[in-house]
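Dear colleague,

My notes on what was found in it follow directly after.

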Amino acid sequence: MRMKQKKEDDMEGDPAGTGTLGKAMAVLEAVAMADRPQRFTDILQTVRQPRGTLHRLLGHLVEEGLLVQRRDLSYEPGLRLLKFAYRSWSGNRFREIAAPYLLHLHQLTGETVHLGLLREAEIIYVDKVESRQTVRMSSQIGKASPAYCTGIGKAALSVLPGGELQRISTGMEFHPFTAQTHRSIESLLAEIEEIRHDGHAFDREEHEAEICCVAAPISVPEHDLVGGISVTGPSYRVSFKQLTAWAQDVRKVAAEIEEEVRIRLGPGRETGAAAPRVLSDAQRSQ
């Protein structure tokens, strides 16, 4: 039976060029990252796998609780994914260490504060403190956004070695989200040079219209950690002048998080629960 199944797959072709796990992950991602439940034809168009292979993979993912098939036969993420996501988020040491610093920056500005990690050409948001204002951001923990058009993304790219930056940026596809979005690798790299000089980055409504931010990089190479922190708000409420005024505080908090990560996760340090070390106002002013 298995030989027959393999033969059928070979006859249908394997455009993905990956193994079974890779194919299953592609299907899972196609459903989990979609804005609405996906029908079989939607998934087929996204992953471009043989129909027979896709049917079997969807069946396995439903059996494992990773996907759920609705009454209308469309698919959506299963509760087991939420369990995995919660375990990953709650056990993330970087997020735990940075949490009190995010709160401090939020209290200082009153706007939304994001913490993100660079994963190739994307930023994954690992924590967020929501604005106290009525209008809030649509960003979500766990969501991925392109690095080339986000403040944290560009800040994180700015601390990469030249070869790594070139490798990642060369593979980017520059989708024009707004009129302000970078359209080419040349314009992105030119701004990266400015960010390296200034120590902070801006999102000038490049990913979402009327949403802007100021961000600073967080880099701890000994732990393979590259990311950043940002203060974000709607452009009608937060001017570029205000973002520039906050830049020093954002850079300072990013540096404090870097130091804390090195202390808490350094060689010989325990990785169990420990009280976060929050700097006093007097220490911050030094």
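The model is a predicted one, and its chain has a mean pLDDT of 84, with 83% of the residues reaching 70 or more. Over residues 1–17, however, the pLDDT is below 50, and this stretch has 12 contacts in the model beyond near neighbours in sequence. Residues 268–286 likewise stay under 50 in pLDDT, and for them the model has 33 contacts beyond four places in sequence. Where pLDDT is low, the predicted coordinates should not be read in detail.

Turning to the strands, I would begin with β8, which covers residues 225–234 and is largely enclosed by the rest of the structure, because 10 of its 10 residues are buried. Strand β7 (residues 211–220) runs antiparallel to β8 and is joined to it by 10 bridges, with Ser 219 standing opposite Val 226 of β8. Four residues lie between the strands in the hairpin of β7 and β8, where Asp 224 takes a positive phi near 50 degrees. Strand β3 (residues 112–119) also pairs with β8 in the antiparallel sense, over six bridges, and here Thr 112 stands opposite Thr 232 of β8.

A last point concerns Thr 20, which is found in helix α2, a helix that spans residues 20–32. Is this residue, Thr 20, buried or exposed? Thr 20 is exposed, because its relative accessible area is 59%, above the cut-off of 50%.

With best regards

Conventions. Residues numbered from 1 in each chain as written. Predicted model: local features only at pLDDT ≥ 70, side-chain atom pairs only at ≥ 80, totals over all residues. Heavy atoms only, no water. pLDDT = per-residue confidence, 0-100. Contact = heavy atoms within 4.5 Å. Helix = DSSP H or I, 4+ residues; strand = E, 2+ residues; numbered from the N terminus. Buried < 20%, exposed > 50% of the residue type's maximum accessible area, 1.4 Å probe, protein only. Pairing = 2+ DSSP bridges.
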